[in-house]
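User: I am new to this structure and would like to find my way around it. Could you take me through it step by step?

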Amino acid sequence: MLGDKRREGVGWRNPAVWAAWLVLAFLSAPSLIVLPLSFSDDTVLRFPPHAWSSRWYVAFFASMEWREAATRSLLVATATTLVAMPVGVATALALRNRSGRWENVVRIAVLSPIFVPGVLFGVAVLFLYAQLRLNNTLLGLVLAHSAVALPFVTVLMEAGAAQLDRSLEVAAASLGASPLRVIATVTLPLLRPSILSAALFAFLASFDEIALAYFISSGEYATLPRRMFSALRDSIDPTIAVVSSLLIVITSALIMLTFVVGIGQRRTRQTGLER
Amino acid sequence: MTSLTSSPHLRATRRMIQIRILACAPALTLVAFVLIAPVGWLSWLSVRDSSGFTFRNYSRMLVNSGYASSLETTLEVAALVTVLSVVLAYPVALLLARLRGWQARLVLAIVLLPLWTSLLVRTFAWLVLLQRHGLINSTLLTLGIIDAPLALVNNLTGTVIGMTHVMTPFVVLPVTAALQAMDPLLYQAAQSLGANRWRAFWGVVFPLSLSGVVSGVTLVFVMSLGFYVMPSFLGGGSLRMWSNRIQTNIEVYPDWGAASALGVVLLLVTAVVLTLSGRVMALVLVRGAADARG
C-alpha cells in the first residue's frame, strides 16, 4: 500500500511529470542528433541531413591526423588509469571512515583538482611544464590527467569501502593476517565492483579531458579532444560528427560493459552522486 | 603489567599510522606537483616584477573597465546557469526519486547521458542545433512562432543553453538523493492534515530537499566560473567570460603575471563561494533537523 501511494505522483496527469520528460528530451537531444548527422551526405552541417552516405566515415579513417589523435588519447587514458588507480585506491583506504582534521586536509588536497577552476589549472600546468620541458609529452599529459582522475577514483573507492562489512576484515585480522595482507586478500577482492567503476571513470576523465589538454598538447601531439577543439574552431565539417558518434558509441559500450558485469545500477547511481 | 600489554599495541598503532601516511603520499605528491606548486608559484609571480613587489597586475583590472564588465558577465552567466539548472533538474529529480526498477534505470541513464558524452561533442551538437538555419530556428519558423531566425548562438543565450545542458545532471543527482532519503510518510501526513499538493510540496518536500539543492547549486556555480571551452565556441567573440580573458591573456601578454592575477581572482571568488556554501549547508542541516523534530 505504501508502494502504491509513492507511485501516485508518477502519473501522466501530473504536470511535473510532463516537465520532467521535456527536460529529459532536452538532455538527450544533442547526443541523439549526432549519430544521424554523421551519416550525412552534405558538405555543410544541417539537421536533418538532405541525403545519406558514409563518406565522412571514410574521410575520418583515411585521415592520419584523426587516427593519430585517437591513438594518442587511448594511450594517455590507459596510462592515466594505470597511474591514478593505485594512487587513488591507496589514498581511499588510508582515509576510509575517518574524518579527523588531518584526514580532511588530505581529502581537500586530493579533491582540489575538481574545485580549482579548469582554466587556472590549465595555465598552472602550462607554466610548470614550460619550465620542465614537459609540454607536448606523453609523461606530462599522463601526470596532469592522473591528477584530474584522482578525485573520482578516491571518492568512488571511499564510498565503496564505507559500505563494506567490516566483520570480514576483522575476522581475517583476528586469525593473524597482517593489515596489508587483509587489504590484499580480503578488502580489495570485496571492492572489485568499485575498482571497476573507478577505473572506468579514470579512463573517461582522461579520454574526454580538454581544459588542460588545450594548453599542454598541440600540433602533432594533440589528443582527440584537442584535435576536435581545433577542428571546431577552423571549419565545422561532418568529419567531426563522425568523431563524435564514435566517441558516443565507445563510451556507451564501456558503460554497458559495467552494466553487463552486473554492478551497473547500484554503482552508476553512486558514481553519479559522488561526482 | 599495563606497559607490557600496551607497548606492542602502541607499536602496532604507530605502524598503522605510518602505513596510512605512506599510502597518501603518492596522491599528495602528485597534486602538489601539478596543481598546488604551480598555482602557488603563479600567485607569487602575479605580485612580482623586475623591481620587486607590485600590484600593477591587479590595479590594471580596476583601471580597465573591460575587466569589471567581464567579471560581471561571468557572474551573470554562472548565476543564470545555476538557476536554470535547478529549475530544470527539480522535476526530473522528483520523477527519478519515485520511479522503481527499469523505469528508474532508464531515466537515470538519460540524465547521465550528457555526462558520458564528450564536452566537445555536446558543444558541437549545440552549434548545429542553434545555428541560424539550425533545427530550432527552422522549427520555430515553420510553426510560424517567429518571422526571422533568432540569434541563438555566438552570444549569451547560446552559452547559457549549452552550459545549462552540461550542468543540469549535477543538480539532478544530489536532489534525487535528498528526495530518496526523505520519509514519504511526511508528504502523506501533510496531505492528510489538509495540505493540498502544492502546499505539501513547498511546506514539506522542498525544504527537506534543500541540502541536495545546495550541493547542486554550489557545484554548478563553481564549475561555471571556470568554464572556458564551451563559452569560447557558443559565446563566439561577443561574450567575454573571465576564463576566456585568462585564456587570451596567455597568448597576448609576454609575462605570466598578468594572466596569473586573473587566475588568482577567479580562485578567490571560487573559495568565497565554497566557504559561504559550507556555512549555508550547515545552516540548512540545522534547520532541517529542527523542522523534522518540531
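User: Which residues does Phe233(B) touch, not counting residues up to four places away in sequence?

Analyst: Happy to start there, with a predicted model in which local features need pLDDT of at least 70, side-chain atom pairs count only at pLDDT 80 or more, and totals for chains, interfaces and linings use all residues. Residues are numbered from 1 along each chain as its sequence is written, while chains are lettered from A and ligands numbered from 1 in the order in which they are written. Two residues are in contact if their C-beta atoms, placed from the backbone, lie within 7 Å. Leaving out residues up to four places away in sequence, Phe233(B) touches Leu232(A), Thr123(B) and Leu127(B).

User: Is Phe233(B) buried or exposed?

Analyst: Phe233(B) sits in helix α10 (residues 229-234) of chain B; helices (H or I, at least four residues) and strands (E, at least two) are DSSP runs, numbered from the N terminus. A residue is buried if 20 or more other C-beta atoms lie within 10 Å of its own, exposed if 12 or fewer, and partly exposed in between, with C-beta atoms placed from the backbone. Phe233(B) has 21 other C-beta atoms within 10 Å, so it is buried.

User: How far is the C-alpha atom of Phe233(B) from that of Arg122(B)?

Analyst: Along the chain, Phe233(B) and Arg122(B) are 111 residues apart.

User: Which element gives the largest share of the side of chain A that touches chain B?

Analyst: In this interface, 71 residues of chain A are in contact with 72 residues of chain B. Elements giving two or more residues to the chain A side include α1 (2-7), α4 (64-95) and α13 (239-274) of chain A. The largest share, 14 residues, comes from α2(A).

User: How many residues on that side of chain A are nonpolar?

Analyst: Ala, Val, Leu, Ile, Met, Phe, Trp, Tyr, Cys and Pro count as nonpolar, Asp, Glu, Lys and Arg as charged, and the others, Gly among them, as polar. On the side of chain A that touches chain B, 13 residues are polar and six charged. The nonpolar residues there number 52.

User: Which residues of the largest nonpolar core touch the most other members?

Analyst: A nonpolar core is a set of buried Ala, Val, Leu, Ile, Met, Phe, Trp, Tyr and Cys residues joined through C-beta atoms within 7 Å. The largest one has 159 residues, and α4(A) gives the most to it, with 15 residues. The members that touch the most others are Val123(A), Val125(A), Val153(A) and Ala202(A).

User: What is Val123(A) in contact with, leaving aside its neighbours within four places in sequence?

Analyst: One partner of Val123(A) lies in chain A, namely Phe215(A). From chain B, Val123(A) is in contact with Leu42(B), Ile246(B), Ile250(B), Ala259(B) and Gly263(B).

User: Why is chain B described as more spread out than a compact globule?

Analyst: Chain B has 12 helices and two strands. The globule rule (2.2 Å times the number of residues to the power 0.38) is compared with the radius of gyration, taken over C-alpha atoms. For the 294 residues of chain B the rule gives 19 Å, so the chain is more spread out than a compact globule, with a radius of gyration of 25 Å.

User: Where is the kink in α9(B) centred?

Analyst: The expected span of a helix is 1.5 Å times one less than its number of residues, and for the 29 residues of α9 (residues 197-225) of chain B a straight helix would span 42 Å, whereas this helix spans only 37 Å between its end C-alpha atoms. The bend at a residue is the angle between axes fitted to the seven residues ending there and the seven starting there. In α9(B) there is a kink of about 50°, centred on Leu210(B).

User: And where does the kink in α3(B) lie?

Analyst: Helix α3 (residues 65-98) of chain B has 34 residues and reaches 50 Å from its first C-alpha to its last, close to the 50 Å expected. Its kink of about 30° comes shortly before the proline Pro91(B), at Ala89(B).

User: What is the phi of Asn97(A)?

Analyst: Asn97(A) lies in the loop between α4 and α5 of chain A. With 10 other C-beta atoms within 10 Å, Asn97(A) is exposed. Its phi is positive in a residue other than glycine, near 55°.
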